[in-house]
Amino acid sequence: MAGKKSFVILCPYCMGEIDETTEFCPHCKQDTRNDAPLEMTREEYAQETRVPCIFCGKPILELATTCPFCGKRQQ
Ligand SMILES: [Zn+2]
Ligand SMILES: [Zn+2]
């Protein structure tokens, strides 16, 4: 390893991986320009707590307010 850190940029709503030029999240389809996206290292991202979506049961980040799989808002 060359010690190069790799960061991931995350949608502020579903915490899905997005590109810094993304306007609409490809996962939850929300406009990501209204909120600052999150940035963390791949390692941090891999270690973030995941919880099952209350609608589809897929593992999503605990921080996510919207499921990146079914697009439903968590309550
Ligand atoms: Zn999203
Ligand atoms: Zn879901």
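1. Where does Met15 lie in the protein chain? Met15 sits in the loop between β1 and β2, where helices (H or I, at least four residues) and strands (E, at least two) are DSSP runs, numbered from the N terminus. The points below start from the whole chain and then come back to this loop.

2. This is a predicted model, in which local features need pLDDT of at least 70 and side-chain atom pairs count only at pLDDT 80 or more, whereas totals for chains, interfaces and linings use all residues. Residues are numbered from 1 along each chain as its sequence is written, while chains are lettered from A and ligands numbered from 1 in the order in which they are written.

3. The average pLDDT (the predictor's confidence in each residue, from 0 to 100) of the protein chain is 93, and 95% of the residues score at least 70. Among the elements, the lowest mean pLDDT, 95, belongs to strand β3 (residues 38-41), and the highest, 98, to strand β4 (residues 50-52).

4. The protein chain has one helix and five strands, which follow one another along the sequence as β-β-β-α-β-β. The radius of gyration, taken over C-alpha atoms, is compared with a globule rule of 2.2 Å times the number of residues to the power 0.38; for 75 residues a compact globule would have a value near 11 Å, and the 13 Å of the protein chain agrees with this.

5. Met15 is buried, because 27 other C-beta atoms lie within 10 Å; the word buried requires 20 or more such atoms, exposed means 12 or fewer, and partly exposed is in between, with C-beta atoms placed from the backbone. Met15 and Ala64 are 49 residues apart in sequence, yet 5.4 Å apart in space, C-alpha to C-alpha. Not counting residues up to four places away in sequence, Met15 touches several residues, including Leu38, Ile60 and Pro68, a contact being two C-beta atoms, placed from the backbone, within 7 Å.

6. Pro12 is also found in the loop between β1 (7-10) and β2 (17-18), but Pro12 is partly exposed, because 19 other C-beta atoms lie within 10 Å. Beyond four places in sequence, the residues that Pro12 touches are Thr32, Asp35, Ala36, Pro37 and Leu38.

7. The largest nonpolar core has twelve residues, among them Met15, Cys53, Ile60 and Ala64; such a core is a set of buried Ala, Val, Leu, Ile, Met, Phe, Trp, Tyr and Cys residues joined through C-beta atoms within 7 Å. Leaving aside neighbours within four places in sequence, Cys53 is in contact with residues including Ile60 and Cys67.
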